[in-house]
Amino acid sequence: MLRFPLWKTILTLSATLIAMLICAPSMIGPANRAKVAEVMPSWMPPNAIVLGLDLQGGAHLLYEVDRADVVKTMVQNLRDDLRRTLREEKVGVSGGIGMNARGVQARLADPNDVEKIRVKLAHLVPISATAPGSGLDISNEDGLLRLNITDVAIDNKVKRAVEQTIEVLNRRVNGLGTTEPNIQRQGDDRVLVEVPGLQDTNRLKEIVGTTAKLEFRLVADAGYNPADVDQLDQTEQLGKLPVEKQVMVVGEDLTDAQPGFDQRTGEPVVNFRFNIRGGQRFGEVTSANVGRPFAIVLDNKVISAPRILGPITGGSGQISGRFSVEQANNLAILLRAGALPAKLSIVEERTVGPGLGQDSIDAGKRAAYWAAGLVVFYMLITYGTFGVFANLALLIHISMIFAALVLLRATLTLPGIAGIVLTIGMAVDSNVLIYERIREEAHAGRSIISALDAGFNRAFATIVDSNVTMFVVAAILYFLGSGPVRGFAVSLALGILTTIITAVTMTRMMIALWYKYRRPTKLPI
C-alpha cells in the first residue's frame, strides 16, 4: 500500500529546507551575503557556489616540475648520505666522492668494505616511504663503488615533488585571499594553477616563485628578555608562543619528512632528515638543550613545539606529540612544504577576462531556463496535478545539487552547468517512468491506491538501473578526465544521486499526502 510515515515526511521536508538554506547565499549578490550569514544558523555554511575560471574569469598557469633539478638534488643528497655512512662505518676512501648525472662514485681504500656497508647503502634512497626495496643500483669494481639512482626512485621522487609543490602552492595562493583556487596535478610532472577572480598573472607568478621560510627555534624560558623573543601565532592552538629570535636550524637543511609510527609505543610520529650541515647543527642544539621545547616555525607561525627528550644526532630525528595518523601526515607535508622541492617552469599562461565569464554565465542561464521551462510545461500539460508534483520535485532536485556543490566546495564550471541541465531531463524522465507505470496499472483495472503503489514499486528497479549506469559513466569521466571534463562529471554524478532521491522519495511523499487528504475517485493522469 502507498504509505509514507510521519517521520519520513519530517525528514524529507527538513532535508529540503536545509538544502534551500544552503543555496540561499548563492542566489543573492555578494553584497548581501554578509547580511544573510548573520541570520542563518551558526552550523549552516554561509558559502556560495564557487564559480570556475570559465565563469568568473581569472589567471591560469600550468607549471612543469624540472625533472633534471629533482635528479640533481637527489644526487647531492646521496653524496652527503654516502659521506656520512662512510664516516660512521669508518670506511676509508681515496680521492673523495665524485658525482655524475645519475649517482655518485668513490674508490674505497679496502674493496672488501663494500659488503660491510652494502645493507646501509641500499637504504640511502628508498623507493618510497611505504614500499620496501632500494632505489639504487650498487656496483663494485675492484673497490670502485658506484651508486646510481634507478628510474623507479626518480619517478617516485618526481611524484612526491609534485605533491609537495601542490601543497606549497596551495598555502601560498590561499594567502592571496582569492576564492577557492584550483591547484591540481596534470599528468606526471605538471601542476595546474587556476585562480578565479585574479586578473594579474604577474602577481600570481611572483607569489608562486617566492620561497617559504622554515625555521627551528627554541621556545623561550621563563623570565626571558622581551627584546630577544618573538611572540608567534600557533596553528594548532590559540594564543601566542614566546620563541627565541635566534634561528638554530634553517629549513633549507631539511631534506625529507615522512609520517611513521613509534616502534616502542605505536603512536603516529613524523620522521625527518637533515643534510650534513643541518644534521650537525641540529645535533649540537639538541645536545645542549635537552628538556626544552623546540619550535618548528613555518612562515612565522609555530606549527609544532615538541620537547627535546635527548640529543638527536646522525642527521635525523622524530617528532611526537600525541598525533593522530592524519595529523602526523599533515605535519610531514607542512615540513616538506617549507620550500618548493624543485624548479618550476611555466608551460602555459593565460588570463580569462570577466567579460567572457559573464557571457558564459548568461548562456548557461538561458540554456537552463529554457530547459527547465519546457520540461515544466510538458509535465503540466501531460500529467496535470501529478505534473505539479514532478515540477516541485525538480525544483528540490536542483536545490540539492547546488547545496551539494556548496558543501563539497566543488567548483561550478560551464561544463558543470551542462551537466546540471542534463540531469533536469533525467530527473523528469524518472517521474515519467513512474507515471506511465501508474497509468498502465490503472488501465489494467487496479484500484487507485493499488495502481499508485505498483507504479512506484515496479518503476523503482528501472530507475535505479538506468541511473547506476549513468553514474558509472560519470565516475569514469571523473577519474580519467581532467579540468572541464571532471566538472561535468561532478555535476552529473550529484544530479544522478539527487534524481533517485527526488523521484522515489519526494514525489512519493507528495502523492501520498495528496491521496491521504483528497481521497480521489479517479487518477488525474
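Which hand does the crossing of helix 12 and helix 13 have? This is a predicted model, where local features need pLDDT of at least 70, side-chain atom pairs count only at pLDDT 80 or more, and totals for chains, interfaces and linings use all residues. Residues are numbered from 1 along each chain as its sequence is written, and side-chain values use heavy atoms, leaving out hydrogens and water.

**View 1. Helix 12 crosses helix 13 in a right-handed way.** The axes of helix 12 (residues 414-443) and helix 13 (residues 448-480) come within 8 Å and cross at roughly 145°. Here axes are lines fitted to C-alpha atoms over the stretch in contact, with angles from 0 to 180 degrees between N-to-C directions. Right-handed means that the near helix is turned clockwise from the far one by less than a right angle. Helices (H or I, at least four residues) and strands (E, at least two) are DSSP runs, numbered from the N terminus. Look for M426 and L433 of helix 12 and F456 and M470 of helix 13, which are among the residues making the contact (heavy atoms within 4.5 Å).

**View 2. Helix 5 (residues 113-122) has buried residues D113, V114, I117 and L121.** Seen down the helix axis, they fall within an arc of 90° (taken from the directions from the axis to the C-beta atoms), so they line one face of helix 5. On the other side, E115 and V119 are exposed. Buried means under 20% relative accessible area and exposed over 50%, with a 1.4 Å probe and protein chains only.

**View 3. Strand 2 (residues 58-65) and strand 18 run antiparallel, joined by 8 bridges.** H60 has R350 of strand 18 as its bridge partner.

Conventions. Pairing = 2+ DSSP bridges.
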